[in-house]
Amino acid sequence: VSAERIRIHINQHVLEVPAGISVAAAMAQLPLPSRRSVSGQWRAPFCGMGICFECRVQIDGKAQQRACMTPVREGMQVSTDG
Ligand code: FES
């Protein structure tokens with residue numbers, strides 16, 4: 001993690017976050033569940049190390065990305081819909 005700060009978009013929110021943190025860490029700043037499962041239950045990061053797949057979100061149009069394993073990038077678009 002560096003002192004540099006970047007902007008990312010999570011649903012309708014714009015967040016300024018430290019460069020190098022994970023999408024899951026950025027999402028922790030908002031009162032958001034990760035996504036709904038196919039059974040309609042809310043999901044959110046659990047293990048934080050890429051094992052449980054409970055943190056999946058859509059990142060820059062690509063579905064089923066693990067938020068805990070993906071570092072933030074300037075202008076990144078994150079959606080909890082997929
Ligand atoms: S929190 Fe478990 S895979 Fe991301």
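Student: Is Gln64 buried, exposed or partly exposed?

Tutor: Quick caveat: this is a predicted model, where local features need pLDDT of at least 70, side-chain atom pairs count only at pLDDT 80 or more, and totals for chains, interfaces and linings use all residues. Residues are numbered from 1 along each chain as its sequence is written, and side-chain values use heavy atoms, with hydrogens and water left out. Buried means under 20% relative accessible area, exposed over 50%, and partly exposed in between (1.4 Å probe, protein chains only). Gln64 has a relative accessible area of 37%, so it counts as partly exposed.

Student: Which element does Gln64 lie in?

Tutor: Helices (H or I, at least four residues) and strands (E, at least two) are DSSP runs, numbered from the N terminus. Gln64 has a positive phi near 65 degrees, and it isn't a glycine. Its element is strand E6.

Student: How many residues sit between E5 and E6 in their hairpin?

Tutor: Strands pair if DSSP finds at least two bridges between them. E5 and E6 (residues 62-66) run antiparallel and are joined by three bridges, with Ile59 opposite Lys62. Asp60 is in the turn, with a positive phi of about 50 degrees, and the number of residues between the strands is two.

Student: Which residue in E7 stands opposite Gln58?

Tutor: E5 also runs antiparallel to strand E7 (residues 77-79), through two bridges. Gln58 is on the uncovered face of E5 with Arg56, while Val57 and Ile59 make up the covered face. The residue opposite Gln58 is Ser79.

Student: Which residue has its backbone nitrogen 3.0 Å from a polar atom of the Ser22 side chain?

Tutor: Ser22 lies in the loop between strand E2 (13-18) and helix H1 (23-27), and at 18% relative accessibility it counts as buried. Beyond its neighbours within four places in sequence, its contacts (heavy atoms within 4.5 Å) are Ala67, Cys68, Thr70, Pro71 and Val72. The backbone nitrogen 3.0 Å from that polar side-chain atom belongs to Ala25.

Methods:
A polar contact is a pair of N or O atoms within 3.5 Å; within protein, one must be able to donate a hydrogen and the other to accept it, and residues adjacent in sequence count only if both atoms are side-chain atoms.
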